[in-house]
Amino acid sequence: MAEKSLDCLGEACPIPLVKAQKEMERMAVNDVLIVNVDHSCAMKNLPDWARSAGHAVEIEEVGEGEWDIIIQKLK
Amino acid sequence: MDEKKNYPFHELYLKREWSYTTGAVLLTLLAIALVIVTGKAWGVTGSFGMWGGWFLNLFGANVDAWDGFKGTPVSTYNFWMDNTAITDLGIVIGAFLAVLLAAQFKIKKIKNGRQVVAAVIGGLLMGIGARLSLGCNIGALFSGLPAFSLHGWVFFVCIFIGAAVGSQFLKKYFI
């Protein structure tokens, strides 16, 4: 199980979402992707997409206006 | 996190994003209130044109003679008497207050030069577009549709075309 992080600080929608989608394609099942974002709408559209694609998602607030979106690829 | 349990009201109403339905209902009620109080529909970018004209006047441009300023001369413009300017100010103050209440204020870094170029070109195109179509997505669309104005629907179709073209540029230069 590999873990990869993706720095999307300073990037606005929909760039974090598209970058995460591309990264997920390259990953194997059970791998974990951590997306670091500071754009609040990425905190909504990224988890929405990941859940609808059938992956496990967790959001952690790491600082003021900064989040880690942790996605585990499940299929 | 522990804070979620300690401050459930803060978490639910100030921190977590409101639903689209909540936002839509509030926007509608506030827009109706604005029409009742001021007698004019909500707009945003109309004032930007006035501020631009005022700025050019500083350099002796005399924009009052231009067709675009017929009926709304810059020489007699008063920021504090301009409904749109006041609501624009309210948007900035309100957004600032909301982000502080949610404890999510952050000064974001500029990641690369492309972001600057895109912001400048995008801002100019949006500004020119908003003036040519006599309004932005608020003045022309949001306030145009409930007034049964055809130009709102034309605007509605055109922003989708613009967004489709813009997305292609975004994919090409930012992904």
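Visitor: At roughly what angle do the axes of helix H4 and helix H5 of chain B cross?

Guide: Two packed helices are described by the angle between their axes and the distance between the axes. In this predicted model, local features need pLDDT of at least 70, side-chain atom pairs count only at pLDDT 80 or more, and totals for chains, interfaces and linings use all residues. Side-chain values use heavy atoms, with hydrogens and water left out. The axes of H4(B) (residues 46-58) and H5(B) (residues 83-101) come within 8 Å and cross at roughly 105°, where axes are lines fitted to C-alpha atoms, for helices over the stretch in contact, and angles run from 0 to 180 degrees between N-to-C directions. H4(B) and H5(B) are therefore roughly perpendicular to each other, a label for angles of 65 to 115 degrees. Helices here are DSSP runs (H or I, at least four residues), numbered from the N terminus.

Visitor: Which residues of H4(B) and H5(B) meet?

Guide: Ser47(B), Phe48(B) and Trp51(B) in H4(B) meet Thr84(B), Ala85(B) and Asp88(B) in H5(B), contact meaning heavy atoms within 4.5 Å.

Visitor: How many salt bridges does the rule find across the interface of chain A and chain B?

Guide: A salt bridge is a side-chain nitrogen of Lys or Arg within 4 Å of a carboxyl oxygen of Asp or Glu. Across this interface the rule finds five, and one salt bridge joins the side chains of Lys44(A) and Glu17(B) at 3.7 Å, N to O.

Visitor: How many residues does each chain bring to the contact?

Guide: Chain A brings 18 residues and chain B brings 15 residues.

Conventions. Residues are numbered from 1 along each chain as its sequence is written. Chains are lettered from A and ligands numbered from 1 in the order in which they are written. Helices (H or I, at least four residues) and strands (E, at least two) are DSSP runs, numbered from the N terminus. Angles under 35 degrees count as roughly parallel, over 145 as roughly antiparallel, 65 to 115 as roughly perpendicular and the rest as oblique.
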